[in-house]
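Hello,

I am handing over the structure below. My notes on what was found in it follow.

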Amino acid sequence: MTDNQEQLRRLEEQWSVVMAEDERKHALISDLFGHISDLTAQLAEAHMDLRDRKDMLELKRTKLDHAEKQLEDLRRKTDEHGFSMVIIDGDNMPFHDEFVKEGLLGGKRVASLLRKAIAEDIKTRFPTLPANAQVVIRVYANLKGLSKKYRELLPDSGSFEDFVRGYNTVHPTCDFIDAGCGKECADEKIKAALKLGLEDSHCKQIYFGGPGDNGYARVFDSFLEDQTIRGQITLLAGPPFAYELAAIKDKFQNVTFDNIFRSQKLPNDANRRTSFHITPPGTPMPSTSPLNFAAAAKVPSPAQSVPAQLYCHEPKPPATGVILRNRLGQRVDSRLSYSQSDFSILKDRKLCNNFHLLGKCYFLEKYGKCHHVHGERLTAQQLEALRGIARQSPCLNGLSCSQTDCVAGHRCPREPCHLDNCWFPKEMHNVDTQVVD
């Protein structure tokens, strides 16, 4: 091969290399342009998606602003119609005697004072509540019974009816309501009013006055686990809190209006029958009767100075530490004998049952204080009456109770009982009191 041919061959080889390189460059550039085109499309799509998201966010922001404005308007309207409710059991939380003595004028005075006291308390303790919030005050009571009691207690004063009339004329939201005869009538109306207030979003605070009735403890027990509801309730202090209410009252807010309410309940008539509703018969009943009194029990005449004795249809007292039971294994309370006058007097004194009957007080030992009276020890006869008072509250352990020092009742003391909402459960009625060994 000549030199020229060899040189031509080398040039051809070099040209082939150059052409291959150009083709690779062209492919690379083509791939780059393709990738850029894909990225550009993705970017455009992202821009469109971002714009849609911005539009959606703006729409949501507009809706949120509108909803907040509506909510604020609703809050303002709710506050405009906001109110506080005062619910009082007039049978066990009476006003001071001086107001009742003044009749019509006294009713007007006490209603005005109570409205003012509530308004000032709301302003002091609840600054977030609107200043123009209404105060609705409802007092439920057996007006016929209270009228009779006040005629006996304050014979020279104005009529109780005039007092109520004066109370009701002070303000449209002040009502002294006749709940009808019977304690349960007022109880049911009070519970319904309490439920109505708690369920009404306009009701900002509920003041409840009925400290001397253990029956309300069952109602407030159901609120103990709900801090929001507990914050809505304020308990009015007046007469001493009943035993079960005293145990939970510190879970709620408390307030005292000493210038308006009595510190003690109205005294009971000494001749009034106790809640057992039992009058000893002149002759003993047959032994098969559930009301089998002692044969020697006699009804004293009105002229007798010796107070009448109550003989409850219960078995003889057991030995210390022994629990009496019937053939069904149900607990049976031992027999008690005491005078009605002792029963009435001790019930008004609000004594600590555990301290006097058991010699110890759970609340004093645990909390260092007790809202019931300790004082001097009672006589044996008074202790019997106090046991009768303690047995008016049902035992939480029921008929299977095995606590030898239990002072609560294990059957309803009203025999027969006609109450629709008796504190004692159904199984604690008509209990067989025949003790078996």
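C401 is a buried residue, because its relative accessibility is 1%. Please keep in mind throughout that this is a predicted model.

C401 takes part in no disulfide: its nearest cysteine sulfur belongs to C395 and lies 3.8 Å away. C406 is likewise in no disulfide, and there too the nearest cysteine sulfur is that of C395, at 3.7 Å. With a relative accessibility of 19%, C406 counts as buried, because the cut-off is under 20%. Searching the whole structure turns up 0 disulfides.

Strand 1. This strand covers residues 83–89, and S84 is part of it. Is S84 buried or exposed? The relative accessible area of S84 is 1%, so S84 is buried. Which residues does S84 touch, once its neighbours within four places in sequence are set aside? The contacts of S84 are I122, L129, Q134, V135, V136 and Q205. Of these, V136 is 52 residues from S84 in sequence, while the two C-alpha atoms are 6.2 Å apart in space.

Confidence. The average pLDDT of the protein chain is 81, and 86% of the residues score at least 70. Residues 269–319 have a pLDDT below 50. In the model this stretch has 93 contacts beyond near neighbours in sequence.

Regards

How values were computed
Residues numbered from 1 in each chain as written. Predicted model: local features only at pLDDT ≥ 70, side-chain atom pairs only at ≥ 80, totals over all residues. Heavy atoms only, no water. Disulfide = S-S within 2.5 Å. Buried < 20%, exposed > 50% of the residue type's maximum accessible area, 1.4 Å probe, protein only. pLDDT = per-residue confidence, 0-100. Contact = heavy atoms within 4.5 Å. Helix = DSSP H or I, 4+ residues; strand = E, 2+ residues; numbered from the N terminus.
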